[in-house]
Amino acid sequence: MNIKDVAKLAGVSNSAVSRYFNNRSLSEEKREAIRKAVEETGYRPSPQAQTLRTGKTHIVGVIMPRVNSTPVGNMIKGMLSVLNQNGYQLLLADTQNDPVKELEYLSVFSEKQVDGIILIGTIFSANHRKILRKMELPLVIVGQQMNGIRCIYFDDYRSVCATTRLLIEKGCKRIGFLSALHADMAAGRERYRGFCDTLKTYGMVECQRCYEVADFSIESGYEKARVLWKKHGPLDGIVCATDATATGAMQYLKEAGIHVPGEVLVTGHGDTELSQVTTPTLTTVHYEYQESGIRAANILLEQLNGGDGTVEEMMLGYRVVERGSTGK
């Protein structure tokens with residue numbers, strides 16, 4: 001069975017069948033006739049032959065920091081909903097939070113192994129910026145902002161302003177912060193900057209030094225909360241850069257006999273599944289992660305379909321989800 005056989009059975013031209021499999025414009029009548037012929041015969045075009053003929057793989061490479069992450073999973077779900085409908089498959093590369101691995105995958109993908117790249121960004125070194133700005137393949141960054149490159153990112157600064165302000169308005173006088181690495185511009189630097197600026201607005205500058213840097217794990221949140229309390233406690237509020245960090249912090253406070261929210265209010269970031277199963281449930285920031293994946297895929301598709309190459313930066317909003325850890 002080949003494309004000519006399918007065309008004959010459907011009563012259309014060979015080029016119409018080719019257009020069908022390449023998801024190009026076609027009348028509904030011809031599309032339906034080809035669909036029935038394909039269903040009847042079970043024909044599938046050879047990916048290798050298509051690649052040789054068109055120079056396209058119909059594969060999009062997605063570089064992500066870790067596969068076991070609710071935000072990343074929702075981003076991927078959004079990308080799949082768009083790209084699968086347009087005839088593309090995803091090739092996922094898990095860097096396990098290793099920036100060097102990101103560079104390796106960028107190099108591999110740039111050698112025409114894929115048609116385009118979506119990078120779920122973490123820490124961008126000078127080498128990252130150099131490689132990304134020279135990238136010839138269509139590229140979209142999700143979760144970080146980089147001038148001159150298409151990117152979808154979140155309002156990390158104002159979202160932490162909002163959670164810090166929430167604690168202050170609930171009467172907290174001494175607030176600590178569990179930060180992500182400041183080399184991570186979004187989750188680290190911007191969220192810490194939002195914390196500090198809000199404290200300044202409310203005349204609480206002395207609390208800016210009450211912070212520790214944790215990674216994205218519950219274990220790190222637990223340990224850094226212990227260090228934070230030892231150095232700067234007692235506190236009546238803790239703002240955390242991630243839900244995992246906040247979960248670890250609440251575990252430490254519980255074991256130390258410190259009641260949440262009775263003695264300390266705690267906020268997280270990300271509205272992951274963890275935030276709904278902690279005791280008490282966790283006040284956090286909700287981002288539209290799936291929507292970010294959808295928008296990134298659409299921007300990439302525009303490039304793949306010969307768009308004008310206009311650089312686009314898009315910042316998505318947030319909302320604070322108040323739960324038990326702040327006394328609701």
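Q: How are α1 and α2 oriented to each other, roughly parallel or roughly perpendicular?
A: They are roughly perpendicular to each other. Please keep in mind that this is a predicted model. The general idea is friendly enough: two packed helices are described by the angle between their axes and the distance between the axes. Here helix α1 covers residues 3-10 and helix α2 covers residues 14-21; their axes cross at roughly 105° and come within 8 Å. An angle from 65 to 115 degrees counts as roughly perpendicular, and therefore α1 and α2 get that label.

Q: Which residues of α1 and α2 meet?
A: From α1 come Ile 3, Lys 4, Val 6 and Ala 7, and they meet Asn 14, Val 17 and Ser 18 of α2. Sorted by class, this contact has 4 nonpolar residues, 2 polar ones and 1 charged one.

Q: Let me try the idea on another pair. At what angle do helix α10 and helix α11 pack?
A: The angle is about 55°, and the axes are 6 Å apart. Helix α10 is made of residues 218-232, and helix α11 of residues 243-255. Angles from 65 to 115 degrees would be roughly perpendicular and those under 35 roughly parallel; α10 and α11 are therefore oblique to each other.

Q: What is the handedness of the crossing where α10 passes α11?
A: The crossing is right-handed.

Q: And which residues in α10 and α11 meet?
A: On the α10 side you will find Ile 218, Gly 221, Tyr 222, Ala 225, Arg 226 and Trp 229. On the α11 side, they meet residues including Ala 244, Thr 245, Gly 248, Tyr 252 and Leu 253. The contact of α10 with α11 divides into 8 nonpolar, 5 polar and 2 charged residues.

Q: Now to charges. How many salt bridges does the structure hold?
A: There are 13 salt bridges. The general idea is that side chains of opposite charge can pair when their charged atoms come close. One of these pairs is Arg 35 with Glu 32, with an N to O distance of 2.7 Å. Arg 35 counts as partly exposed because its relative accessibility is 31%, and Glu 32 counts as partly exposed at 33%.

Q: With which residue does Arg 158 form a salt bridge?
A: Its partner is Asp 155, and the closest N and O atoms are 3.5 Å apart. To read the surroundings of such a pair, look at the accessibility of each residue. Arg 158 has 45% relative accessibility and so counts as partly exposed, while Asp 155, at 9%, counts as buried.

Q: Which parts does the pair of Glu 212 and Lys 231 tie together?
A: First the pair itself: Glu 212 forms a salt bridge with Lys 231, with 3.1 Å between the closest N and O atoms. Glu 212 belongs to strand β7 (residues 211-213) and Lys 231 to helix α10, so the pair ties together parts that are 19 residues apart in sequence. At 11% relative accessibility, Glu 212 counts as buried, whereas Lys 231 is exposed, with a relative accessible area of 55%.

Q: Which residues are linked in a network of salt bridges?
A: Arg 189, Glu 190, Arg 193 and Asp 197 are linked in this way.

Q: Let me turn to loops. Is Thr 95 buried or exposed?
A: Thr 95 counts as buried, because its relative accessibility is 2% and buried means under 20%. Thr 95 is found in the loop between β2 (89-94) and α6 (99-110). Leaving out residues up to four places away in sequence, Thr 95 touches Ile 63, Met 64, Pro 65, Lys 101, Glu 102 and Tyr 105.

Q: Where is Ser 69 found?
A: Look in the loop between β1 (59-64) and α5 (70-83). Ser 69 counts as buried at 9% relative accessibility. The C-alpha atoms of Ser 69 and Lys 328 are separated by 27 Å, and these residues are 259 residues apart along the chain.

Q: To finish, how many helices and strands has the chain?
A: The chain has 13 helices and 12 strands. Its C-alpha trace spans about 80 × 40 × 30 Å along the principal axes. Of the 328 residues, 50% count as buried. Among contacts between residues at least 6 apart in sequence, 69% join residues at least 24 apart.

Terms used:
Residues are numbered from 1 along each chain as its sequence is written. This is a predicted model: local features need pLDDT of at least 70, side-chain atom pairs count only at pLDDT 80 or more; totals for chains, interfaces and linings use all residues. Side-chain values use heavy atoms; hydrogens and water are left out. Axes are lines fitted to C-alpha atoms, for helices over the stretch in contact, and angles run from 0 to 180 degrees between N-to-C directions. Helices (H or I, at least four residues) and strands (E, at least two) are DSSP runs, numbered from the N terminus. Angles under 35 degrees count as roughly parallel, over 145 as roughly antiparallel, 65 to 115 as roughly perpendicular and the rest as oblique. A crossing is left-handed if the near helix is turned anticlockwise from the far one by less than a right angle, and right-handed if clockwise. Contact means heavy atoms within 4.5 Å. Ala, Val, Leu, Ile, Met, Phe, Trp, Tyr, Cys and Pro count as nonpolar, Asp, Glu, Lys and Arg as charged, and the others, Gly among them, as polar. A salt bridge is a side-chain nitrogen of Lys or Arg within 4 Å of a carboxyl oxygen of Asp or Glu. Buried means under 20% relative accessible area, exposed over 50%, partly exposed in between (1.4 Å probe, protein chains only).
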